[in-house]
Amino acid sequence: MKVVVDLSRCQGYAQCAFLAPDAFRMHGEEALMYNPNPDDAQREQVLRAAAACPLQAILVDQLEERDAPVQAPPS
């Protein structure tokens, strides 16, 4: 999973830090720090945090679904 936060949109509401504290944290009152590659064990928390962002500044790319090998149909 890959996380990208558009820091130009982020206003420091800290909903993400509250919902996924291992992936997001506030540094000071307005600066957000985040883990761009959180552990899969944090998946649900990260997805909830992204959904709760009032400015939709958090993008989550679930790599394993896209990068999974495609199986050929049986012949």
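Modeller: First, a definition. On a 1 Å grid over the protein atoms alone, a cavity is a set of points where a 1.4 Å probe fits but cannot get out. Grid points are joined across faces, edges and corners, and a volume is the space filled by probe spheres set on the points. The model is predicted: local features need pLDDT of at least 70, side-chain atom pairs count only at pLDDT 80 or more, and totals for chains, interfaces and linings use all residues. Residues are numbered from 1 along each chain as its sequence is written, and side-chain values use heavy atoms, with hydrogens and water left out.

Colleague: How many cavities of 30 Å³ or more are there?

Modeller: Rolling a probe the size of a water molecule over the atoms shows where empty space is left. With the 30 Å³ threshold, the count is one cavity.

Colleague: Which residues are closest to the centre of the largest cavity?

Modeller: The largest cavity holds about 110 Å³ of space. It is lined by 15 residues, where lining means having an atom within 4 Å of a point. The closest to the centre are Cys10, Tyr13, Ala14, Cys16 and Cys53.

Colleague: How many charged residues are in that lining?

Modeller: Ala, Val, Leu, Ile, Met, Phe, Trp, Tyr, Cys and Pro count as nonpolar, Asp, Glu, Lys and Arg as charged, and the others, Gly among them, as polar. The lining of the largest cavity has twelve nonpolar and three polar residues. The number of charged residues is none.

Colleague: What pattern does the chain follow along the sequence?

Modeller: Helices (H or I, at least four residues) and strands (E, at least two) are DSSP runs, numbered from the N terminus. The chain has three helices and four strands. Read along the sequence, the pattern is β-α-β-β-α-β-α.

Colleague: What share of the chain counts as buried?

Modeller: Buried means under 20% relative accessible area, exposed over 50%, and partly exposed in between (1.4 Å probe, protein chains only). The chain has 75 residues. The buried share is 25%.

Colleague: Which side chains meet in a salt bridge?

Modeller: Side chains of opposite charge can pair when their charged atoms come close. The rule asks for a side-chain nitrogen of Lys or Arg within 4 Å of a carboxyl oxygen of Asp or Glu, and the count is one salt bridge. At 2.9 Å, N to O, the pair is Asp40 and Arg43.

Colleague: Is Arg43 buried or exposed?

Modeller: Arg43 sits in helix α2. Its salt-bridge partner Asp40 is in the loop between β3 and α2 and is partly exposed at 46%. Arg43 has a relative accessibility of 15%, so the class is buried.

Colleague: Within what arc do the buried residues of α2 fall?

Modeller: Helix α2 covers residues 43-52, and its buried residues are Arg43, Val46, Ala49 and Ala50. Seen down the axis, they line one face of the helix. The arc is that of the directions from the helix axis to the C-beta atoms. It comes to 130 degrees.

Colleague: Which residues are exposed on the other side of α2?

Modeller: An α-helix has 3.6 residues a turn, so residues three or four places apart point the same way. On the other side of α2, the exposed residues are Arg48 and Ala51.

Colleague: Which residues does Gln42 contact, leaving aside neighbours within four places in sequence?

Modeller: Gln42 lies in the loop between β3 (31-34) and α2. At 13% relative accessible area, Gln42 is buried. Contact means heavy atoms within 4.5 Å. By that test the partners of Gln42 are Met1, Asp22 and Ala23.

Colleague: What is the phi of Ala14?

Modeller: Most residues other than glycine have a negative phi, and most peptide bonds are trans. Ala14 has a positive phi. Ala14 is in the loop between β1 (2-5) and α1 (15-19) and is partly exposed at 25%. Its phi is near 70 degrees.

Colleague: Where does Gln56 lie?

Modeller: Gln56 is not a glycine, yet it has a positive phi of about 50 degrees. Gln56 is partly exposed, at 45%. Its place is the loop between α2 and β4.

Colleague: How far apart in space are Pro54 and Cys10, C-alpha to C-alpha?

Modeller: Pro54 is in the loop between α2 and β4 (58-61). Pro54 touches Tyr13 and Gln15, not counting residues up to four places away in sequence. Pro54 and Cys10 are 44 residues apart in sequence, and their C-alpha separation is 9.0 Å.

Key
On a 1 Å grid over the protein atoms alone, a cavity is a set of points where a 1.4 Å probe fits but cannot get out, and a pocket is an open set with protein on both sides within 12 Å along at least five of seven lines; lining residues have an atom within 4 Å of a point.
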